[in-house]
Amino acid sequence: MLHCVYHPIYSQLVLPPTHGFPITKYRHLRDHLLATLPRQQLQWHQPSPLPPEAIQRCHSREYSQAFMENRLDPKAIRRMGFPWSQTLVERTLTSVSGTCLTAHLALEHGLALHLSGGYHHAHFDFGSGYCVFNDLVLAAEQALTQPGVERVLIFDLDVHHGDGTAALCASRPEIITCSVHCESNFPSRKPPSDLDFPLEKGVGDHAYLQTVDQALTLALRLHSPDLVIFDAGVDVHKDDRLGYLEVSDEGLRQREQLVLSRCKDSAIPLACVIGGGYDRDPDSLTRRHAQLFHAAFTLG
């Protein structure tokens with residue numbers, strides 16, 4: 001049984017026609033999974049919005065309230081990447097809650113997958129790069145309140161460095177941050193993660209998978225986490241317009257299989273979010289994100 005977290009609001013945000021974010025990808029992914037996996041093997045979970053005060057576990061009260069109340073200045077809105085709307089507020093609180101729910105389900109069942117999430121550019125007092133609040137850190141913080149959870153690894157394979165995650169966790173030794181990313185890519189400033197594996201532009205399957213394997217092996221060996229939160233961004237793909245790497249469909253399949261099987265073999269609960277992916281072709285993008293779920297289904 002695959003425990004999947006989804007809410008229709010993920011794709012209900014109305015964006016300008018020229019906007020670069022593929023907001024419909026969440027709905028397309030759910031439809032694809034329903035069409036390609038046995039429905040009786042999919043257990044769907046729908047999150048409720050996270051209470052606004054819970055956001056302040058990781059973000060400043062001033063920033064979080066300004067976002068909720070539409071008091072951010074235009075520069076902050078541009079940096080965030082989305083035009084403000086009440087739907088954006090509701091969607092943000094629901095999606096962040098979805099990652100927290102995914103972590104909870106992973107601790108209960110061993111594996112859970114979120115059809116959204118991965119907002120690793122969100123900092124303490126500002127949003128950036130389509131990220132308003134940092135769901136990865138919020139989910140880790142919430143998981144650490146559970147009995148037996150003393151260390152959480154955020155394993156970030158989005159093509160972009162998780163700068164917000166690294167900054168937020170710099171003084172949190174119980175949350176280990178590990179990022180495998182393209183060095184010559186957004187963001188320009190990259191605060192150090194606990195473990196960083198920067199890659200040059202144009203890296204293909206073999207070198208990429210070797211680095212992922214080394215990164216995960218080292219992170220698990222050094223820190224023995226009680227939970228792994230996996231940001232499975234597919235913007236590492238060779239055809240992604242924001243990626244700059246040369247990873248193929250097969251490379252993505254092997255990556256997902258590697259991470260899932262390693263955590264299963266190590267008996268470490270794994271919470272997955274789909275992260276970035278910016279292909280303008282919705283079918284191609286859907287198939288890439290679906291690799292994670294198909295790998296999880298095959299793994300059993």
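Guide: The answer starts with the aromatic rings and then turns to a serine, a helix, a sheet and the cysteines. The model is predicted, so local features need pLDDT of at least 70 and side-chain atom pairs count only at pLDDT 80 or more, while totals for chains, interfaces and linings use all residues. Residues are numbered from 1 along each chain as its sequence is written, and side-chain values use heavy atoms, with hydrogens and water left out.

A pair of aromatic rings is described by the distance of the centres and the angle of the planes. Rings of Phe, Tyr and Trp (its six-membered ring) pair if their centres lie within 6.5 Å; planes under 30 degrees apart are stacked, over 60 edge-to-face, and the rest tilted. By this rule there are 12 aromatic pairs. One of them, phenylalanine 21 with phenylalanine 82, is edge-to-face, at 5.2 Å centre to centre and 80 degrees between the planes. Phenylalanine 21 sits in the loop between strand 1 (2-5) and helix 1 (25-36) and phenylalanine 82 in the loop between helix 4 and helix 5, so the pair ties together parts 61 residues apart in sequence. Helices (H or I, at least four residues) and strands (E, at least two) are DSSP runs, numbered from the N terminus.

Phenylalanine 21 counts as buried because its relative accessibility is 9%, and phenylalanine 82 because its value is 3%. Buried means under 20% relative accessible area, exposed over 50%, and partly exposed in between (1.4 Å probe, protein chains only). Phenylalanine 82 also pairs with tyrosine 130: the centres are 5.3 Å apart and the planes are at 35 degrees, so this pair is tilted. Here too distant parts of the chain are linked, since tyrosine 130 lies in the loop between strand 3 (111-114) and helix 6 (135-143), 48 residues from phenylalanine 82. One aromatic cluster is formed by Tyr6, Tyr10, Phe21, Tyr26, Trp44, Phe82, Tyr130 and Tyr278.

Serine 95 belongs to helix 5 (residues 86-109) and is buried because its relative accessibility is 0%.

Helix 3 (residues 61-68) has the buried residues Tyr63, Ser64, Ala66, Phe67 and Met68. These pack against helix 2 (52-55), helix 4 (74-80) and helix 5. Just after helix 3, asparagine 70 has a positive phi of about 60 degrees.

An open sheet holds 8 strands in the order 2-1-3-8-7-4-5-6, with parallel pairing. Its edge strands, each pairing on one side only, are strand 2 (42-45) and strand 6 (195-199). Strands pair if DSSP finds at least two bridges between them; strand 5 (residues 175-182) and strand 6 have 5 bridges in the parallel sense. Cysteine 182 has leucine 199 of strand 6 as its bridge partner.

A disulfide is a pair of cysteine sulfur atoms within 2.5 Å, and the whole structure has 0. Cysteine 182 is in none, the nearest cysteine sulfur, in cysteine 178, being 16 Å away. Cysteine 182 is buried because its relative accessibility is 0%.

Key. Contact = heavy atoms within 4.5 Å.
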